[in-house]
Each structure stands twice: as structure tokens, then as C-alpha cells.
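Please read them beside the coordinates.

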Amino acid sequence: MSPTQYIDPRGPRFAAGITTVVLAVVLITGWWPLLAAQAVVFAAGAFAGLRYSPYSTLYRAVVAPRLGPPADREDPAPPRFAQGVGFAFAVVGTVGYATGLTVLGIVATGLALLAAFLNAAFGYCLGCEMYPLVRRFVVRSGENTA
Amino acid sequence: MTGLVITLVIFAVGTAIGLVLRARDGSIRLTRPGSVRSSAAADLPAPVMRAIDPESRITLVQLSSAACAPCRQAHARLSAAAEHSPEVHHAAIDITERPDVGSALGVLRTPTTVAYDSTGTEVLRVTGVPDTDSLVHALRPHLSPATEP
């Protein structure tokens, strides 16, 4: 495994801002192809790596040069994990809207919007907070089966 | 229309949650004597038992996770506090490596710092990056008066 490249924490927060707007538009319009597109964005960040997320590319190209160097850097693992959580919700939401289970679509999109909003507005990353929790479950179930 | 209402409700709920989290960040909660958490020093997980320094009046056990920026900030402040006060010992446990410790102590967020006295009785806990001054102030009843500057 390559050594961890620490990232500018403002990148994920900027991405959360765009995600908030996108998810709000999805909720208001119920236009699920936009949610599907957001799922692809989440997937890029979660599975290929944060730097491959289009929002992250936009941040590096347009926003970061205007901001100057970050005061602190963070481990990309939790925000990357959070993108994975976002991906799961976006997929469930898309399936919900597309198959007529609109309530499912609304609930999944709403929860994802709540998480994105908390990140954008308060810098509180719900998915990142879940990272140690989920690892705890993974380790515990691993112990049980061992 | 429904979607718009739901969106506005989510923004309102999100703002409320965000404000509560912000207010709680770094807040100190005293552990009531006789509460479940304060009683059973013998039930503490082994890494915590090892971390507690019986020679120090207070051990600050900081629970961190491998990937958490505020944990590093908390670590710097707590080690400075421990350096400042010879009766305070600071130890860190990574709950990514020892998730069982996190669940045994009921810690859901990192950084969380739990203060123990020399017998392993929980005194207080702090969620988030602690404010050193208020932490030292809250610990004062457990420290001997002479060492205070």
C-alpha cells in the first residue's frame, strides 16, 4: 500500500456544498437522473479515490488556487468512506424514484442531504464519524466468526 | 411542493443538529459519583487499565481514531496540559485499533477524552477538542492545591 497522502480538508467540504445543492434540487424536483449522476460522483470519490471525484477536480482547479495553502491536512480515509455511504444512499434513492417507490427515494435522498448539509455548513462529517463505528462492527463480527 | 417542504425541513433540522454539535464540542461532562460509568474500575478494558498511571492523580485517556484531524489538535493540547501539571498524565488509545475499548466506554465520537483518578474512577469526559483552561479548572478538585500555579 502506498503511504497516505493527506488532503486539504476544505476540498471535501466544498464538494459537500455542491452535493447539498444537487440533492436539494433532486428532492424539490424529484428528477431522479440527477440523483443517479450524483451516485456516479459518489462512486468516483469512494471507489477510485477522492481526487477522481469531479467536485474535487473542480476544487483543485478553481477554488484551491484562490485560497492559498491549507492550515491543516487530513487523512482522506474517512471522507472517502463517507462518499461510499453517500453512494449507497444515492443508489437506494435512485432505485426508489425510478421504480415508483417515491417515499423510499425521498427518505434516502433526504438523509444524504442532511449529511451533506451538516458537512457543508458545519464541517461535521456524519459519514466520517461513522467510520470508526463501522470499523468497530466489522472488527467485532470478525472476532465472532473467528 | 412536498419536496420543497421536505428540503426546508431538512435544512432546519440540519441547522439544529449542527448547532447542538457545535455547542457540545469541547464541553466537559462531569461523571456523577455512583453512576454506572464511575463505579466499576475493575471493569475497565485492559488498555485503559494500563494507561492509567497510579502515580498521577489524574490520567487523561484520549480516545482517538487513526483518521481524525481534531484528534491531533486534542492530543497537542492534552500533552501540553499534562506537561504543565505534574499530577496529570496523558495517554492515547486508538480505537480504530481497539474498537472494543470504544464500545466498552460507550464512546461514539473521536476525540473523546476520559479523565480517571489514580484508582481508575472516571471523573469526567470531554467530547471534541478540549479547552485546556476549563479542563484544568474542572479537574482542580481532584488535584492537590499546591501544584496549582
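1. A:F117, A:F122 and B:F11 make up one aromatic cluster. Rings of Phe, Tyr and Trp (its six-membered ring) pair if their centres lie within 6.5 Å; planes under 30 degrees apart are called stacked, over 60 edge-to-face, and the rest tilted. By this rule there are four aromatic pairs over all chains.

2. The model is predicted: local features need pLDDT of at least 70, side-chain atom pairs count only at pLDDT 80 or more, and totals for chains, interfaces and linings use all residues. Residues are numbered from 1 along each chain as its sequence is written, chains are lettered from A in the order in which they are written, and side-chain values use heavy atoms, with hydrogens and water left out.

3. The rings of A:F117 and A:F122 have centres 6.4 Å apart and planes at 80 degrees, so this pair is edge-to-face. Both A:F117 and A:F122 are buried, where buried means under 20% relative accessible area, exposed over 50%, and partly exposed in between (1.4 Å probe, protein chains only).

4. A:F117 also pairs with B:F11, in a tilted arrangement with 5.0 Å centre to centre and 50 degrees between the planes. A:F117 lies in helix α5 (residues 102-122) of chain A and B:F11 in helix α1 of chain B, so the pair joins two chains. The relative accessible area is 13% for A:F117, which is buried, and 23% for B:F11, which is partly exposed.

5. Helix α1 (residues 10-29) of chain A and helix α1 (residues 2-24) of chain B have axes that come within 7 Å and cross at roughly 145 degrees. Axes are lines fitted to C-alpha atoms, for helices over the stretch in contact, and angles run from 0 to 180 degrees between N-to-C directions. In α1(A), A:T20, A:A24, A:L27 and A:I28 meet residues of α1(B), including B:I10 and B:F11; contact means heavy atoms within 4.5 Å.

6. For the interface as a whole, 27 residues of chain A touch 28 residues of chain B. The two chains bury about 2,300 Å² between them, 70% of it on carbon and sulfur atoms; this is the accessible area (1.4 Å probe) lost on being put together, summed over both.

7. Of its 146 residues, 42% count as buried.

Note on methods
Helices (H or I, at least four residues) and strands (E, at least two) are DSSP runs, numbered from the N terminus.
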